[in-house]
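Student: I would like to go through some labels given to this structure and ask what each one rests on.

Tutor: Then let us take the aromatic residues, a pocket and the surface in turn.

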Amino acid sequence: MEKFKQNPIVRKIGFNRVVLIGVLIAMYIVFCVAIHGFVGLARILDTLNYVYFLGFLSLGVTFVIATGGIDFSIGPVMFCCALISGYCLNMYGVPIGASILISILVGLAFGLFNGYLVAYWSVPAFIVSMASMNIGKGIGAVFTKTQSVSWPMQGTPGGSFRNIVAVNGFPTGIIIFLAAAFVCGIVLYNTKAGRYILCLGSNREAVRLSGVNTKKWEMLAYVICGLLVGVAAVFFVAAYTTVQPGYGDQYNNEAIAGCVMGGTSMVGGLASILGTVIGVVTISLLQEGILAFGLGKDIQLIVTGIIVIVAVYADVSARRKKN
């Protein structure tokens, strides 16, 4: 095992992430063997549809968790973005491009709101995110008069925006998502902003005493998260069309589970964009497998909750051993 851990490729990728890739492959094989008809392009495309929006949520919350914070509002805020922009599209005749921009701006506004309260008002991130979750649900319901909102189908006016997910069966969404993950990796590991965000999670007081404006960089993490939540909303409606007010809670846990499974520490200071990508694909495949078994959403929630507990426990145990 030690030889395997010292392998240059394993060390480059990370032992935990290599194990996670192994689990992902093994899970897919088990599903293919146990579930009739699971093999095929259609099932892969269904899994990828889940990867896209959940992936952007996970990328965003990775920045927040890296600071030692948390954001439980990302799922409902994503729905709020999709509801407001979709309602503007359907009821006010806003062009599709402008509607997509509205979705991103709404997410950005929530990121600014959360970041400002956490960084400058010192309100605990848990409280802020819980409040934003309810605010997002409320605004989405009030703005749309509690009506569901449907976005244009492919082949109808404005429906070409769905090409961001797939073009003639080719999953263009995975290219966009991986490109976004690559950019997030550069920001987090190769820029001053990213280094400060990670340092905030490691030792906030030391960073502050070094003369760094910790509030500015902490707020930036929430702004990035909000921006990516707005993008996630666009990918959600591109894959699933209809959005209903009052939903989105379940995606909080799934996005956070994807981050923590991939090696992002819940106490901050350690984050992995590659790990988040692998974790999100694992969560998405698991959800698709549960549905293929004929099990309901309740089972999905139970499994996701267990994954979060196990992942956090593994993170805590690893830190104890390291210390």
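Tutor: Rings of Phe, Tyr and Trp count as a pair if their centres lie within 6.5 Å. In this predicted model, the structure holds 21 aromatic pairs.

Student: Why is the pair of F53 and Y251 called edge-to-face?

Tutor: The ring centres of F53 and Y251 are 5.1 Å apart and the planes stand at 85 degrees. Planes over 60 degrees apart count as edge-to-face, so the F53 and Y251 pair is edge-to-face.

Student: What makes this pair a tie between parts apart in sequence?

Tutor: F53 belongs to helix α4 (residues 41-66) and Y251 to helix α11 (residues 250-261), so the pair ties together parts that are 198 residues apart in sequence. Both F53 and Y251 are buried.

Student: Why is the pair of Y116 and Y120 called stacked?

Tutor: Its centres lie 5.2 Å apart, and the planes of Y116 and Y120 are at 25 degrees. Planes under 30 degrees apart count as stacked, so the Y116 and Y120 pair is stacked.

Student: Are Y116 and Y120 buried, exposed or partly exposed?

Tutor: Buried means under 20% relative accessible area and exposed over 50%, with partly exposed in between. Y116 has 38%, so Y116 is partly exposed; Y120 has 34%, so Y120 is partly exposed too.

Student: Which residues form one aromatic cluster?

Tutor: The cluster is made up of Y50, F53, F79, F236, Y240 and Y251. Y50, F236, Y240 and Y251, together with K297, lie nearest the centre of the second largest pocket, which is lined by 19 residues. Elements giving two or more residues to this lining include α10 (214-240), β2 (242-243) and α11. α4 gives the most, with four residues. The volume of the second largest pocket is about 330 Å³.

Student: How do you know that N252 counts as buried?

Tutor: The limit for buried is under 20%, and N252 has 3% relative accessibility, so N252 counts as buried. N252 lies in helix α11. The C-alpha atoms of N252 and L57 are separated by 8.2 Å, although these residues are 195 residues apart along the chain.

Student: What makes F293 partly exposed?

Tutor: F293 has a relative accessible area of 44%. That value falls between the 20% and 50% limits, so F293 is partly exposed. F293 lies in the loop between α12 (273-292) and α13 (297-322). With L295, I299, I302, I306 and V310, F293 forms a nonpolar surface patch of about 530 Å² accessible area together.

Technical notes
Residues are numbered from 1 along each chain as its sequence is written. This is a predicted model: local features need pLDDT of at least 70, side-chain atom pairs count only at pLDDT 80 or more; totals for chains, interfaces and linings use all residues. Side-chain values use heavy atoms; hydrogens and water are left out. Patches are made of residues with over 30% relative accessible area and no salt bridge: like charges are joined within 9 Å, nonpolar side chains (Val, Leu, Ile, Met, Phe, Trp, Tyr) within 5 Å. Accessible areas come from the Shrake-Rupley method with a 1.4 Å probe; for residues, only the protein chains shown count as cover. A salt bridge is a side-chain nitrogen of Lys or Arg within 4 Å of a carboxyl oxygen of Asp or Glu. Buried means under 20% relative accessible area, exposed over 50%, partly exposed in between (1.4 Å probe, protein chains only). Rings of Phe, Tyr and Trp (its six-membered ring) pair if their centres lie within 6.5 Å; planes under 30 degrees apart count as stacked, over 60 as edge-to-face and the rest as tilted. On a 1 Å grid over the protein atoms alone, a cavity is a set of points where a 1.4 Å probe fits but cannot get out, and a pocket is an open set with protein on both sides within 12 Å along at least five of seven lines; lining residues have an atom within 4 Å of a point. Grid points are joined across faces, edges and corners, and a volume is the space filled by probe spheres set on the points.
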